[in-house]
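Here's a quick briefing to read alongside the model. Have a look at the structure first, then we'll go through it topic by topic.

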Amino acid sequence: MKTSIKTAIIGAFTLIGAAFAGTTIANAAGDSESDYEMKHIHWHFDGFRGTYDRAAMQRGYQVYKEVCASCHQLKFMSFRHLGDKGGPFYDEHFKNPSDNPVVKGLAGDWEVTDIDLDTGEEITRKAIPSDNFPAIYSNKIAAAASNNGKAPPDLSVIVKARSGGADYIYNLLVAYDEEHPTENPVFGGQIAMAAPLYEDAVEYADGTPATVDQMAKDVTEFLAWAADPKMEQRKSLGLAVMIYLLILTILAWFTYKQVWRNVKH
Amino acid sequence: MSGHPSTYEPKNGFTKWMDQRLPIIRMGADFMTYPSPRNLNYWYTFGGILTLCLVAQIITGIILAMHYTPSVDAAFESVQRIKRDVPFGWLLQPMHAVGASMFFFAVYIHMFRGLYYGSYKAPREMVWILGCVIYLVMMATGFLGYTLPWGQMSFWGATVITGFFGAIPVVGESVQQWLLGGYAVDNATLNRFFSLHYLLPFVIAAIVGLHVWAMHHAGQNNPVGIEPKSKEDTLSFHPYYTAKDFFAICIFLLIFAYFLFYYPDSLGHADNYIEADALETPAHIVPEWYFLPFYAILRAVPSKLLGILLMFAAVAVLFILPWLDTSKVRSMRFRPVTKLWFILFVIACFVLGWHGALSPDDPVMGVKSVWWSRAATLYYFSFFLIILPVMGLIETPKDRPDSITKSVLGEASS
């Protein structure tokens, strides 16, 4: 009997492992070849108990707002999301993020188009927390036309949409060299996006020196959160579920042994 | 449902009244006391696990359908809305997506177990064939479901797979257009795929009912492959196998939870987080991991039509397996040589899965990937069409124990 438990468990893990290997290969197949060596960053959100670094996310939001947002939208995000639990500007005093004055202030930095309720004419007004991050170009063709023929991708899920995830985004941002501004070894050659970051491109409110490396890390932290805003909730519930299941499994084992105590099998 | 004499006796007025009109309580009671071979090992717990998977997929799926929008303009966004704004949507959506992988993981173990212990042999051919039908409908459901998030792999996977039908001589193009509802994968396709994806799980549930019925009628197979001969050889399903299945389900749920909470995207492809774009083909179109072996078979031959025929034949051959295996001995435990061929078969399936993920020209140990696929495809079919028919005639099986009870009391090797 013992051996069959062992074989069952080993079998299960072998299959899981194989599934893993299969998908890793599947993902790796999408990578383009280059000599550039990807730097692996130890992210704050890595691992079983990993969480987002709030200060880094806040700086990252500033980089997004002042640099990326001139071309890239966050179309699946509203300003209120910034104040959600686990988000960069969460404040426990404001369970409804739309009441959070910081979020209101951040939304107010943006302008969105709306319809005047009296005249029906298109107007521009300051954004409120319930507004989506606004579109930057009126359509995809216009976006491509202003950016060397390639529409800038939306950044809401970009960290999930690239194999390599956060490491890929970070490396892409730091891999430019000054002599070839239209080439990026991480991207695999010609890239429509010219090097977006340069020393002191933003001035951080918390005094952190705005090096290219620092800004790349910060904006990646912010975009990682944007792509998976419920990660902290998921991991903390996951831990509780795993502990619960582990106890249940042990009890189930003893139940099984008790029921079968008089049966040789 | 049962294949054994009923021992249920209605005790009170209501149950007696019901028993004469609709003996549904009797059916449930007979199900719970069903005599199962006493030697079923952990490989036999996957039936219960799969039932759980089906129920979990249906429940999460029904809730997701309440929030999902099947439209080319809104599908991708609605999945994002589910994950960001629907209460617990961040849990339900990955539960359904990871659940599909776990479902296939369990079904593959269940099928390999059936192969190893000869569970397809008389009198259980219908149990096996119904199982094959379930697997076929599962594949269809999985494929249709993968289209719904409307990512790049959804779109291009759907384009490639519906393209198979275009390879049928003469009528191919018409059939393909009829399936798609147009000339290419578009809104009409997405809508019908959503409709069918909602329908098929209930078809699966119905066939599962038949599968379990057939199994109860013919009796369960067991690791030694000998029919129970006395009362000693069997145990009541409850509490013995409910307790054992429950323990196995807990282990399975631990693995499920590990993926769900910590690596929800590890079994999918990053490209599916890019919204579908008909003008931009991904560098490598690959299906979900559970279809990779068939994808490798498809690409193993240079002709598209032949590849498609081989791929369908790889599933079709399972249906005639009960008549291909000529051995009277069910369990591989007593077939020392065939057991080795079986292990090689499992390895071939893994090789196919591995090479299904690669490009045909990728070199592996100095040999192009496509040649690995070809070798493994050749072995896959040889196992069913040559090895099993021939080995049954020439192999001398080991001595089998007289009964299940004797085997568990240590008179047989495992």
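Which residues touch the most other members of the largest nonpolar core? They are Ile49(B), Val98(B), Ala106(B), Phe256(B) and Leu352(B), in a core of 87 residues. Keep in mind that this is a predicted model.

**Nonpolar cores**

- Phe256(B) touches Val98(B) and Met102(B), leaving aside residues up to four places away in sequence.
- There's also a second, separate core, made up of 46 residues. Among its members are Leu74(A), Met77(A), Val103(A) and Ala210(A).

**Where chain A meets chain B**

- On the chain A side, 48 residues are in contact with 47 residues of chain B.
- Two helices of chain A, α1 (2–28) and α7 (231–259), each put at least two residues into the side that touches chain B.
- The largest share of that side comes from α7(A), which supplies 16 residues.
- By residue type, the side of chain A that touches chain B splits into 28 nonpolar, 14 polar and 6 charged.

**Helices α6 and α9 of chain B**

- Helix α6 of chain B (residues 125–147) packs with helix α9 of chain B (residues 187–218) at an angle of about 160°, and their axes are 8 Å apart.
- Why call this pair roughly antiparallel? Angles over 145 degrees count as roughly antiparallel, so α6(B) and α9(B) get that label.
- The crossing in which α6(B) passes α9(B) is left-handed.
- Sort the residues of this contact by type and you get 22 nonpolar, 6 polar and no charged.

**Helices α5 and α6 of chain B**

- For α5(B) and α6(B), the packing angle is about 160° and the axes are 12 Å apart.
- α5(B) and α6(B) are therefore roughly antiparallel to each other, and their crossing is left-handed.
- From α5(B), the contact is made by Ala100(B), Phe104(B), Val107(B), Met111(B) and Gly114(B).
- From α6(B), the contributors are Trp128(B), Gly131(B), Tyr135(B), Met138(B), Gly142(B) and Gly145(B).
- The residues of the contact between α5(B) and α6(B) come out as 7 nonpolar, 4 polar and no charged.

**A glycine worth a click: Gly356(B)**

- You'll find Gly356(B) in helix α14 of chain B, which covers residues 336–356.
- Is Gly356(B) buried or exposed? Gly356(B) has 26 other C-beta atoms within 10 Å, so it counts as buried.
- Its contacts, not counting residues up to four places away in sequence, are Leu292(B), Pro293(B), Tyr295(B) and Ala296(B).
- Gly356(B) and Val55(B) sit 301 residues apart in sequence and, C-alpha to C-alpha, 30 Å apart in space.

**Chain A in outline**

- Chain A contains 7 helices and 4 strands.
- Starting at the N terminus, the elements of chain A go α-α-α-β-β-α-α-β-β-α-α.
- Chain A has 265 residues, and 32% of them count as buried.
- Take the contacts in chain A between residues at least 6 apart in sequence: 60% of them join residues at least 24 apart.

Technical notes. Residues are numbered from 1 along each chain as its sequence is written. Chains are lettered from A and ligands numbered from 1 in the order in which they are written. This is a predicted model: local features need pLDDT of at least 70, side-chain atom pairs count only at pLDDT 80 or more; totals for chains, interfaces and linings use all residues. A nonpolar core is a set of buried Ala, Val, Leu, Ile, Met, Phe, Trp, Tyr and Cys residues joined through C-beta atoms within 7 Å. A residue is buried if 20 or more other C-beta atoms lie within 10 Å of its own, exposed if 12 or fewer, and partly exposed in between; C-beta atoms are placed from the backbone. Two residues are in contact if their C-beta atoms, placed from the backbone, lie within 7 Å. Ala, Val, Leu, Ile, Met, Phe, Trp, Tyr, Cys and Pro count as nonpolar, Asp, Glu, Lys and Arg as charged, and the others, Gly among them, as polar. Axes are lines fitted to C-alpha atoms, for helices over the stretch in contact, and angles run from 0 to 180 degrees between N-to-C directions. Angles under 35 degrees count as roughly parallel, over 145 as roughly antiparallel, 65 to 115 as roughly perpendicular and the rest as oblique. A crossing is left-handed if the near helix is turned anticlockwise from the far one by less than a right angle, and right-handed if clockwise.
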